[in-house]
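Open the model in your viewer and keep the sequence panel beside it. The stops below say what to select and what you will find there.

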Amino acid sequence: MTVRVVLVDDQPLVRSGLRVLMADAPDIDVVGEAGTGAEAVQLVRDTKPDVAVMDIRMPGMDGIEATGLITSAAGATRVLVLTTFDDDEYIYGALRAGASGFLVKDMALDDILGAIQVVAAGDALIAPSITRRLIAEFAARPEPAPRPRPVGNITGREREVLTLVGRGMSNSEIARHLHISVATAKAHVARLFTKLEARDRVHLVITAYETGLVVPPR
């Protein structure tokens with residue numbers, strides 16, 4: 001399946017470079033470019049791509065606000081944040097806004113293409129080991145957070161699984177911890193996606209923190 005992508009960055013050279021790199025990928029089709037968050041929101045509405053590769057720091061509407069507007073729409077396009085990561089504190093705001101994953105601007109082409117495919121398929125880009133560190137740090141930051149909300153109509157076992165997902169465990173780690181098969185762990189996670197209307201695993205992790213099932217280290 002061909003993944004339809006829009007590129008959002010205020011630097012034309014960055015967008016052009018990404019477009020050239022993606023031109024030879026048979027399963028990725030760049031359907032548009034935008035230089036600001038406002039342009040990105042309108043472009044996504046017009047073209048309905050599968051993935052928006054989104055910069056954070058842009059004039060006017062930044063990538064965080066644009067991400068929130070894009071991911072809140074019905075049949076939302078998934079957003080893959082383009083960031084310097086090591087020094088971009090806005091990454092946490094992007095998570096709250098609904099981003100499904102992250103790219104680093106100096107990543108290898110194969111990694112960039114692979115990340116787009118992962119997010120388009122409905123998964124999160126972040127590996128479990130990175131999730132543990134990133135989400136714990138994100139949840140512990142002093143910025144205002146949404147009020148804690150009920151977990152929803154989930155079973156006791158699904159609550160256990162959600163807690164373990166929130167701790168950054170993979171499906172195989174969850175299976176070992178609960179003494180169940182990997183297939184059963186996957187099934188529980190799939191039901192959590194549906195019941196909690198989560199876009200991907202990252203958002204299950206965020207839910208686990210925001211509902212108090214997992215408390216970030218202090």
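**The whole chain**

Start with everything shown as cartoon: the chain has 10 helices and 5 strands. Helices (H or I, at least four residues) and strands (E, at least two) are DSSP runs, numbered from the N terminus. This is a predicted model, in which local features need pLDDT of at least 70 and side-chain atom pairs count only at pLDDT 80 or more, while totals for chains, interfaces and linings use all residues. Residues are numbered from 1 along each chain as its sequence is written, and side-chain values use heavy atoms, with hydrogens and water left out.

Colour by accessibility next. Of the 218 residues in the chain, 49% are buried. Buried means under 20% relative accessible area, exposed over 50%, and partly exposed in between (1.4 Å probe, protein chains only). Now consider contacts, meaning heavy atoms within 4.5 Å. Among contacts in the chain with a separation of 6 or more, 68% join residues 24 or more positions apart.

**Stop 1: H2 against H3**

Select residues 37-47 for helix H2 and 63-71 for helix H3. Their axes come within 8 Å and cross at roughly 15 degrees. That makes H2 roughly parallel to H3. Axes are lines fitted to C-alpha atoms, for helices over the stretch in contact, and angles run from 0 to 180 degrees between N-to-C directions. Angles under 35 degrees count as roughly parallel, over 145 as roughly antiparallel, 65 to 115 as roughly perpendicular and the rest as oblique.

The crossing of H2 past H3 is right-handed. A crossing is right-handed if the near helix is turned clockwise from the far one by less than a right angle, and left-handed if anticlockwise.

Show side chains. H2 makes the contact through Gly37, Ala40, Val41 and Val44, and H3 through Ala66, Leu69 and Ile70. By class, this H2 contact with H3 has 6 nonpolar, 1 polar and no charged residues. Ala, Val, Leu, Ile, Met, Phe, Trp, Tyr, Cys and Pro count as nonpolar, Asp, Glu, Lys and Arg as charged, and the others, Gly among them, as polar.

**Stop 2: the cores**

Centre on Ile70. Which residues does Ile70 touch, not counting those up to four places away in sequence? They are Ala40, Val41, Val44, Met54, Ala76, Thr77 and Val79.

Now widen the view. The largest nonpolar core has 24 residues. A nonpolar core is a set of buried Ala, Val, Leu, Ile, Met, Phe, Trp, Tyr and Cys residues joined through side-chain atoms within 4.5 Å. Select Val6, Val8, Met54, Ile70, Val79, Val81 and Ala94, which have the most contacts inside this largest core. At least two of its residues come from each of strand S1 (3-8), H2, strand S3 (51-55), H3, strand S4 (78-83), helix H4 (91-97) and helix H10 (201-210). H2 gives the most, with 4 residues. A second, separate core has 20 residues, including Val161, Leu162, Ala208 and Val214.

**Stop 3**

Select H10. How many of its 10 residues are buried? The count is 10 of 10. Gly212 follows H10 and has a positive phi, near 85 degrees.

Arg96 counts as partly exposed, at 29% relative accessibility.

**Stop 4**

Select residues 156-166 for helix H7 and 182-196 for helix H9. The axes come within 10 Å and cross at roughly 95 degrees. H7 and H9 are therefore roughly perpendicular to each other. H7 supplies Arg157, Glu158, Val161, Leu162 and Val165 to the contact; H9 supplies His188, Val189, Arg191, Leu192, Lys195 and Leu196. These residues divide into 6 nonpolar, 1 polar and 4 charged.

Find Ile154 in the loop between helix H6 (128-140) and H7. Ile154 counts as buried, at 12% relative accessibility. Beyond its neighbours within four places in sequence, Ile154 is in contact with Arg159, Leu162, Leu192, Lys195 and Leu196.

**Stop 5: H8 against H9**

Finish with helix H8 (residues 171-178), which packs on H9 at about 110 degrees, axes 8 Å apart. That makes H8 roughly perpendicular to H9. Asn171, Ser172, Ile174 and Ala175 in H8 meet Val182, Ala185, Lys186 and Val189 in H9.
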